[in-house]
Amino acid sequence: MLRRIALSAATLAALSPALLPAPAGAAPAAPAAPGQVCFWTGAGQHGNGWCYSPPGYRDVPAFLHDKAASFRSDVNRDVYAIDWARGTCYARLIRAYDHSDNWSWGSRIDGVADTDQGCEAG
């Protein structure tokens, strides 16, 4: 009997991170829908995700700020990842229907826009 209780407690401890709610603003990883560019905290489009739909500029949620490890675009136009640096900004082109499963530039992302926001090419 004691052994069953210990096993159940160990099983519960192992499962509890999966039962915790995602960070505020986080969405479960899902494929990009038509007209969206989605970003994930994990490589290979895993982890917490967030999607942008043009037009306009949007700040990425706090959980993704400087932490995007992968992205997928299902937008029929170019968009820009924006990095607001001290005194300037940088824009990284994301081409229509592009993707990256291991995106190094995601460590700089602050926002996404349908224009380069007047930023330098990054």
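This is a predicted model: local features need pLDDT of at least 70, side-chain atom pairs count only at pLDDT 80 or more; totals for chains, interfaces and linings use all residues.
**View 1. A disulfide joins Cys38 to Cys51, with an S to S distance of 1.9 Å.** Cys38 lies in strand β1 (residues 37-42) and Cys51 in strand β2 (residues 46-52), so this bond ties together parts of the chain that are 13 residues apart in sequence. The torsion about the S-S bond of Cys38 and Cys51 is about 100°, which means that the disulfide is right-handed.

**View 2. A disulfide joins Cys89 to Cys119, again with S to S 1.9 Å.** The pair links distant parts of the chain, with Cys89 in strand β6 and Cys119 in the loop between β8 (111-113) and β9 (120-121), 30 residues apart. The torsion about the S-S bond of Cys89 and Cys119 is -100°, and this link is left-handed. Cys119 is buried, with a relative accessible area of 9%, and Cys89 is buried as well, at 8%.

View 3. When neighbours within four places in sequence are left aside, Cys89 is in contact with Asp83, Trp84, Gln117, Cys119 and Glu120. The C-alpha atom of Cys89 is separated by 9.5 Å from that of Asp116, a residue 27 places away along the chain.

**View 4. The two disulfides of the structure, taken together.** With the bonded cysteines of the protein chain numbered in sequence order, the pairing reads 1-2, 3-4.

Conventions
Residues are numbered from 1 along each chain as its sequence is written. Side-chain values use heavy atoms; hydrogens and water are left out. Buried means under 20% relative accessible area, exposed over 50%, partly exposed in between (1.4 Å probe, protein chains only). Contact means heavy atoms within 4.5 Å. A disulfide is a pair of cysteine sulfur atoms within 2.5 Å. Helices (H or I, at least four residues) and strands (E, at least two) are DSSP runs, numbered from the N terminus.
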